[in-house]
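The following report describes selected features of a predicted model. It begins with one residue and its surroundings and then turns to wider elements.

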Amino acid sequence: MGTVGKAISLLELFTVAEPELGLTDLARRSGFDKATTRRLLVALTGHGFVEQDAGTRHYRLGAGLSRLARIREARFPFLQTAVPLVRDLASATAETVHLSEFGIDRLVTVHVEHPAWANRVNIDIGQLLPLHSTASGIAYLAFARDEAVKACLGGPLEAFTAHTLIEPAAISRSMAEARERGYSICDQGLEEGVISVAAAILAAEGFALGTIAVAAPKARTTTADITQRGLAVMAAAREISMRLNGDNLQTLRRQA
């Protein structure tokens, strides 16, 4: 792994649950020695990508990342476009709704709306979602470029539960069903007791760039709920896609 890759891997260790980490923890979790970790942190700090608390000496993500995120959002307003529809869907379903974008080999959770229920599915902003074991991942793969699908199905796949699909043929069938239906269904693929539906958000050329999903406890989810949420998530994904791409996506769909 090159220097840039090592630095990025340090940034990926910070989460909503653990927004601040010390040098020792960062070194241990990254697998780098302390000297290397400190050198990378100094470089990241110099560019504003991390900052150090003067009291605790712990590190956290810096404002430099927010600046880059704002620049990207100004050029490609994914959150600005999608969040109102995420909130509408959360209000309509009274369940957890989350928005994701693709990042390298997994989906990155960029926005979440949680319901008032005490018994609910909890998802964190920044949480990484595997492609093969989540409704979001299957929805993404159903409309992904061939190279992304091959990269996912070509490597070893982790079984997170007894229900996780790990055979490429089974995953391909699930992808085909999602394309035909318009939304994916994942029954306890990542977490026991959770059932989700998701639909792909498309770029102008028709390939997936992200997903929107509804996740709920299986214990209070009926077959009718799944269908209703699936149709709702499909409609929301299509509306987001249309708002992002305008007439370009409409032309593509007429040609399909």
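## Serine 196 and its surroundings

Apart from neighbours within four places in sequence, serine 196 is in contact with Ala135, Ser184, Ile185, Cys186, Val214 and Ala215. Serine 196 itself belongs to strand S7. With a relative accessible area of 12%, serine 196 counts as buried, because that value lies under the 20% cut-off.

One of these contacts, alanine 215, is 19 residues away along the chain from serine 196, yet the C-alpha atoms of the two residues are separated by 4.3 Å.

## The six-stranded sheet

In this predicted model, six strands form an open sheet in the order S5-S4-S3-S8-S7-S6, and their pairing is antiparallel.

In general, the strands of a sheet pair through backbone hydrogen bonds, in either a parallel or an antiparallel manner.

## Strand S3 and its two partners

Strand S3 (residues 96-103) runs antiparallel to strand S8 (residues 208-217), and six bridges join the two. Within this pairing, leucine 99 has isoleucine 212 of S8 as its bridge partner, while histidine 98 stands opposite alanine 213 in S8. Strand S3 is mostly covered, with six of its eight residues buried.

S3 also pairs with strand S4 (residues 106-113), again in the antiparallel sense, over seven bridges. Glycine 103 has arginine 106 in S4 as its bridge partner. S3 and S4 form a hairpin with two residues between them. Isoleucine 104, which lies in the turn, has a positive phi of about 70°.

## Packing of H6 against H8

Two packed helices are described by the angle and the distance between their axes. For helix H6 (residues 135-142) and helix H8 (residues 168-181), the angle is about 75° and the axes are 8 Å apart. H6 and H8 are therefore roughly perpendicular to each other, as the angle falls in the range of 65 to 115 degrees.

Ile138, Leu141 and Ala142 of H6 make the contact with Ile171, Ser174, Met175, Ala178 and Arg179 of H8. By class, the residues of this contact between H6 and H8 comprise six nonpolar, one polar and one charged.

UniProt lists residues 1-63 as "domain: HTH iclR-type", in an unreviewed entry. In the predicted model, the end C-alpha atoms of residues 1-63 lie 26 Å apart, and the span is 49% helix and 10% strand.

Helix H1 (residues 3-11) packs with helix H3 (residues 34-46) at an angle of about 85°, and their axes are 10 Å apart. That angle makes H1 roughly perpendicular to H3. From H1, the residues Thr3, Lys6, Ala7, Leu10 and Leu11 meet Thr37, Leu40, Leu41 and Leu44 in H3. The residues of the contact of H1 with H3 divide into six nonpolar, two polar and one charged.

Notes:
Residues numbered from 1 in each chain as written. Predicted model: local features only at pLDDT ≥ 70, side-chain atom pairs only at ≥ 80, totals over all residues. Heavy atoms only, no water. Axes fitted to C-alpha atoms, helices over the stretch in contact; angles between N-to-C directions. Helix = DSSP H or I, 4+ residues; strand = E, 2+ residues; numbered from the N terminus. Parallel < 35°, antiparallel > 145°, perpendicular 65-115°, else oblique. Contact = heavy atoms within 4.5 Å. Nonpolar A, V, L, I, M, F, W, Y, C, P; charged D, E, K, R; others polar. UniProt positions renumbered as here; feature names shortened; annotations may be inferred. Pairing = 2+ DSSP bridges. Buried < 20%, exposed > 50% of the residue type's maximum accessible area, 1.4 Å probe, protein only.
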